Amino acid sequence: MTPFSDFDSMDWVDNYDSVVESDSGLFFRYSDILQAVSEVACPSPGLKVLDIGAGTGNLSYLCLARGASVVGLDPSERMLSQARARARSLSANRVERGGVGSEAQAHRSGVEFHVASDPFLKIPYPDSSFDAVVSTYAFHHIPHELQPKSVREMVRVLRPGGVWAMGDVMFENAVAEAEARRTYEWLDGDEYYSRIDSLRSAFSQSGMVLHARQFTPVSWVLWAPEAAWGRKPQ
Ligand SMILES: C[S@@+](CC[C@H](N)C(=O)[O-])C[C@H]1O[C@@H](n2cnc3c(N)ncnc32)[C@H](O)[C@@H]1O
């Protein structure tokens, strides 16, 4: 199994959402990045979406609100229990509101969360199961040498013509990463931040063209193949 950051043993996990809401450091522009990933992956309702490293479900719920049917996978039960609690409160809301309103309508599309021990490298679904595979702030747990294997695994479960989209801290290449590490001391020494040139080559081996948009000096959104959002960078 791939080594993973054991979020279940970390003190701050129950406060994860307040940490990302700080909108600073690693999580500067967190909301914009999740919004962009959900827009590119879910341009229309009715899509089946896989969210890997779903955590407390922030990206899953944005996709749900865009009318998707979402499966979120994560190794951490403590992170997923926060995601599931939100599903229960949405469900109660729906009954109270008689099914009217965007959240209630979105809920009909459905969201489910499952613990999976190695969800970037062993995705427990058959080939071509999803219209979109998404992830935010989780891929950096995968060692660099295993990231190309994970790209193949994510493409395997994507239907032909489906969209892969990811937001995370990452760098154009190893040189850019080294420079950023000198500048931003708060970058985590234990994380395997992706290098976009390596991912570009991994996707091209799967016949997909990777697109990239930078959101902060250290954070990017990547997607493949080209989608409407990609043709008009904002
Ligand atoms: C910083 S949180 C991001 C959660 C969520 N995607 C978000 O954007 O807020 C990182 C998540 O990655 C999960 N994780 C750690 N190691 C992993 C691995 N090897 N494969 C998949 N997910 C992993 C953690 O349990 C945690 O929920």
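**Helix packing, core and a loop residue**

Helix α6 (residues 147-156) and helix α8 (residues 196-205) pack at an angle of about 40°, their axes lying 9 Å apart. Because angles under 35 degrees count as roughly parallel, over 145 as roughly antiparallel, 65 to 115 as roughly perpendicular and the rest as oblique, α6 is oblique to α8. Axes are lines fitted to C-alpha atoms, for helices over the stretch in contact, with angles running from 0 to 180 degrees between N-to-C directions. Helices (H or I, at least four residues) and strands (E, at least two) are DSSP runs, numbered from the N terminus. This is a predicted model, in which local features need pLDDT of at least 70, side-chain atom pairs count only at pLDDT 80 or more, and totals for chains, interfaces and linings use all residues. Residues are numbered from 1 along each chain as its sequence is written.

On the α6 side, Gln147, Pro148 and Val151 meet Ser198, Leu199, Ala202 and Phe203 of α8. Contact requires C-beta atoms, placed from the backbone, within 7 Å.

The largest nonpolar core has 61 residues, and Val49 is among those with the most contacts inside it. Such a core is a set of buried Ala, Val, Leu, Ile, Met, Phe, Trp, Tyr and Cys residues joined through C-beta atoms within 7 Å; buried residues have 20 or more other C-beta atoms within 10 Å of their own, exposed ones 12 or fewer, and partly exposed ones fall in between. Strand β5 (residues 158-171) gives the most to this core, eight residues.

Arg29 sits in the loop between α1 (16-21) and α2 (30-41). It counts as partly exposed because it has 16 C-beta neighbours inside 10 Å.

Technical notes: Contact = placed C-beta atoms within 7 Å.
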